[in-house]
Amino acid sequence: MKKRKNILPKLLIYAFIFTILFPLALTAVWAFVGRWPWPRLLPQSFSLRGIEEIFGGYSGAFQTLGSSILLSAVVAILAVIVGTMTARALVLYDFPGKSLIQFSTILPIIIPSTVFAMGTHVLFIKVGLADNVLGVIIVHLICSLPYTVKIMTDVTAAFGGKLEEQAAVLGADSRQIMKEVTLPALMPGLVSSACMAYIISFGQYFVTLIIGGGNVKTFTLIMVPYLQSGDRIIASAYSIVFILSTLLVFIIFELAVRRFKTDENHYYFV
Amino acid sequence: MSKKPYLLLLPVIFLSLIFIVGILYGLIQSFGIIPSLGMKVPTLKYYQELFTRPELLSSIGMSLYIAFVSSILATILGVLICSLLVLTGKGKGKVMHLVKIPIAIPHIVVAMFVMLIFAQSGLLARVLFNLGLLESPNAFPTLLYSQNGIGIILAYLWKEIPFVIFFVITIMANINTSLGEAAENLGASRWRAFIDITLPLSMPSIKNAFLIIFAYNFGAYELPYLLGATAPRAIPVQAYIEYIHPDLLHRPYAMALNGIMFLVSFIIVLIYHRTVQRNPN
Amino acid sequence: MVLKLVGISVAIKGKSILEEINLEVKEGEFISLLGPSGCGKSTLLKTIAGLLTQQSGDVLMGQKNVNDLPANERGAVIVFQDLRLFPNMTIAENVAFPLKLKGVPKAERLAKAKELLERVQLAGYEKRKTSEMSGGQLQRVALARAMAANPRILLLDEPFSSLDESLRQDMRRLVLDLHKEFGMTTVLVTHDQEEALMMSDKVAVMMEGRLIQYDTPQVIYDQPASVAVADFFGGGNYISGKVQGNTFYSNQVSFPLDKPDGDYLALFRPSTLGLVPKKRGYHITEMNYLGGMWDLKVEGQGRVFSVRKVGEHPYKIGDETGLEFDISRAIIFNKSQ
Ligand SMILES: Nc1ncnc2c1ncn2[C@@H]1O[C@H](COP(=O)(O)OP(=O)(O)OP(=O)(O)O)[C@@H](O)[C@H]1O
Ligand SMILES: [Mg+2]
């Protein structure tokens with residue numbers, strides 16, 4: 001009796017996992033398809049056409065990938081820094097206007113980026129930030145900040161400055177507190193928020209399109225035309241490269257942090 | 001009073017100001033004020049026209065339809081799967097890693113997933129054809145580029161069911177282990193305890209997850225642009241078309257459409273902020 | 001190191017927490033800070049250590065005003081109630097942390113940490129993580145780490161409160177031993193009045209942000225400054241009465257008392273009441289064994305008295321007796337004050 005009851009939930013969970021993974025697998029197959037005509041269930045032939053299109057030099061996709069990764073990495077690092085500062089102020093201090101700041105940090109999640117992008121474009125044209133990389137970095141930063149602030153607020157609240165107080169009474173000056181206590185305690189949050197900000201920036205389409213005005217090309221921007229034209233092979237190849245490069249960047253973030261961690265000391269995070 | 005918090009907040013204040021001023025710029029233009037074009041008199045004309053031009057009115061309908069159906073379904077299914085994960089104790093480890101994947105994949109890639117599977121020549125149509133359930137590709141229902149918006153909704157579901165799970169599972173798991181156990185201890189069955197205690201206490205989180213995805217699905221450009229019908233277009237798509245119209249006099253229409261999206265989302269923000277303030281954590 | 005607080009007032013978020021605290025702890029003295037929950041004990045420690053800034057008043061250490069000295073330069077180390085061990089470090093690294101801050105080479109500081117861990121009976125635990133230790137062990141690690149900072153002033157914030165009675169005894173012993181050995185000026189915050197009376201040279205009683213009384217344990221117990229202080233240290237039997245012509249009059253007892261005329265309250269601790277078998281007027285209604293002694297409830301003249309009897313006694317419930325008061329140990333409060 002009891003056993004039969006447990007099968008249904010498990011089945012549903014497996015169906016859910018399948019739903020997540022299946023499109024990824026399908027895309028990976030499509031990226032290497034040569035021909036796959038209707039109504040065949042399996043590809044007729046395989047080829048590297050899609051991959052060559054990206055890495056083949058003349059499309060410029062590979063260079064765009066590089067500059068796009070760089071742009072998003074810069075956004076991620078800035079977002080982490082600003083997010084950490086904001087979280088610190090919100091968690092450790094009480095000040096007039098705190099609620100207003102909290103309120104304005106959640107705005108960009110909920111107010112559509114369409115609304116924000118068009119208005120900001122008008123503003124940026126006035127101040128000379130439209131159609132250039134700096135402008136794009138700023139708007140990507142605004143889009144990712146709600147997430148980094150949230151993550152860093154949680155992490156900061158979890159140790160709540162208590163360990164810093166302890167270090168201070170044990171004789172640590174502010175630089176030592178930063179290096180020995182604050183950074184190690186924040187480290188897991190720093191990695192997650194860097195990854196989150198990176199994803200948001202790297203996957204951003206509409207905002208980049210408007211603010212960059214065609215001058216700033218990102219990987220998503222050059223990928224969309226293939227989606228529209230219905231070229232499934234190249235679109236799939238782009239998607240796979242997109243996903244793998246994101247994965248690679250995450251690994252680099254993780255390693256960079258781990259390197260820092262083993263610099264002098266072994267830290268044990270549970 | 002120490003100045004330190006304000007120093008720490010300097011960058012976020014600067015960025016928030018850009019955000020707010022940007023939105024104000026758009027809103028001002030929606031009232032027909034564009035000094036560089038010699039338009040200086042505020043007017044409600046553009047908003048009034050939105051509600052008289054049938055295609056714009058149906059844009060609003062389209063966006064509301066997509067947002068409601070997709071976010072309600074995503075929330076219900078997300079909470080359901082989340083509950084299953086919590087109750088079967090699978091809410092940790094590998095499954096959660098998988099749940100994070102869709103959050104990291106951008107909407108345009110998800111649009112492609114939907115094309116590969118649900119297009120008239122997509123994998124699903126091929127399977128049905130080979131099973132003899134379909135005469136020709138054209139007999140497969142149009143899910144993409146169609147007024148029923150099903151392609152868009154499916155894409156949102158793929159991305160947002162995991163988002164809801166991710167957003168809700170920590171609090172749900174915590175409540176379930178502490179209070180759920182207490183309730184079970186008092187004699188409630190596992191499901192009873194879940195439904196009477198855990199679910200109601202997770203409600204603020206669930207509500208917030210719903211608000212976030214509703215606002216997003218209402219105002220996002222990418223999926224309706226890639227998978228949506230040409231008529232009626234979702235508001236963001238229509239707004240962009242008005243925005244890049246060669247005749248600059250069309251710009252206030254774009255901004256008025258934005259104004260409507262702003263109004264809806266601002267109401268959502270206020271509700272969200274209130275739930276957050278009332279239920280910290 | 002002498003520690004002196006002069007007129008310290010602290011407010012948090014505009015709410016006054018400490019008001020006009022004056023306190024002097026002599027070189028090498030061990031004092032206890034006692035008071036109900038929320039009265040501001042932890043706040044006071046943080047102010048001494050420099051983690052909070054007072055609105056007014058001065059903190060002096062060894063005659064020097066340290067108001068402007070940051071926490072890390074004051075040499076006043078707090079052992080917090082929640083211990084605050086660094087989760088990213090091993091036990092030995094935690095203890096060695098203050099030495100690392102001073103730039104002591106790694107081998108040397110780890111050797112010193114080992115020594116301190118032995119001192120708190122934790123030899124062999126050096127490599128453990130904080131998550132692999134029991135509550136009592138962690139408490140000793142926190143203490144060892146504080147000692148590694150070589151504190152001139154040690155501030156202990158309820159360090160024993162989460163321990164069971166036998167561990168508490170051990171920790172008290174350990175703290176007193178360390179105090180004797182290193183001689184640092186020590187302030188112990190505690191909820192437990194017995195602990196305060198037992199361990200300290202002097203006891204400071206705080207209530208609602210104010211220092212009510214600061215004196216030796218004997219004086220605090222025998223001459224509490226107010227009913228509230230008396231109640232905090234066990235209370236007892238209060239008898240309302242009047243003084244007229246240098247005599248205290250009440251329904252139960254009257255005795256000579258050299259005070260101006262007025263309304264007074266006499267407190268008789270349970271140990272100052274005695275039973276007189278041959279007399280009448282009171283009935284024994286309740287007997288509670290307290291380990292080595294008894295608490296007897298005696299009813300008569302419309303009220304109940306609590307009497308402490310050490311050792312065995314011949315009484316049983318329902319017995320009728322008389323009651324005698326040790327008037328020399330009566331604690332007198334002026335009611336009009
Ligand atoms: N950060 C803070 N914000 C607001 N109020 C605070 C803060 N810290 C302490 N308080 C208030 O200050 C008062 C004193 O707190 P404190 O922690 O010093 O009490 P305590 O005597 O140590 O109590 P306990 O014995 O429970 O530890 C309390 O009323 C508390 O609510
Ligand atoms: Mg306290």
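**A chat about chains A and B**

Author: In this predicted model, the side chains of B:His250 and B:Glu242 are joined by a polar contact of 2.7 Å.

Reader: Where in chain B does B:His250 sit?

Author: B:His250 lies in the loop that runs between α10 (235–243) and α11 (251–278) of chain B.

Reader: And which residues is B:His250 in contact with, leaving aside its neighbours within four places in sequence?

Author: With those neighbours set aside, B:His250 is in contact with B:Glu242, the partner in the polar contact already mentioned, and with B:His245.

Reader: Changing topic, how many residues does helix α1 of chain B have?

Author: Helix α1 of chain B covers residues 4–30, which makes 27 residues, and from its first C-alpha to its last it reaches 39 Å, close to the 39 Å expected at 1.5 Å a residue.

Reader: Where is the kink in α1(B)?

Author: The kink, of about 50 degrees, is at B:Leu10, shortly before the proline B:Pro11. Just after α1(B) comes B:Gly32, which takes a positive phi of about 75 degrees.

Reader: OK, now the interface: how much do chain B and chain A bury between them?

Author: The two chains bury about 7300 Å² between them, with 80% of it on carbon and sulfur atoms. On the side of chain B that touches chain A, α1(B) gives the most, with 19 residues, and by class that side has 64 nonpolar, 16 polar and five charged residues.

Reader: How many salt bridges does the rule find across that interface?

Author: The rule finds zero salt bridges between chain B and chain A, although it does find 13 residue pairs in polar contact, both residues being at pLDDT 80 or more.

Definitions and conventions: Residues are numbered from 1 along each chain as its sequence is written. Chains are lettered from A and ligands numbered from 1 in the order in which they are written. This is a predicted model: local features need pLDDT of at least 70, side-chain atom pairs count only at pLDDT 80 or more; totals for chains, interfaces and linings use all residues. Side-chain values use heavy atoms; hydrogens and water are left out. Helices (H or I, at least four residues) and strands (E, at least two) are DSSP runs, numbered from the N terminus. The expected span of a helix is 1.5 Å times one less than its number of residues. The bend at a residue is the angle between axes fitted to the seven residues ending there and the seven starting there. Buried area is the accessible area (1.4 Å probe) that two parts lose on being put together, summed over both. A salt bridge is a side-chain nitrogen of Lys or Arg within 4 Å of a carboxyl oxygen of Asp or Glu. A polar contact is a pair of N or O atoms within 3.5 Å; within protein, one must be able to donate a hydrogen and the other to accept it, and residues adjacent in sequence count only if both atoms are side-chain atoms. Ala, Val, Leu, Ile, Met, Phe, Trp, Tyr, Cys and Pro count as nonpolar, Asp, Glu, Lys and Arg as charged, and the others, Gly among them, as polar. Contact means heavy atoms within 4.5 Å.
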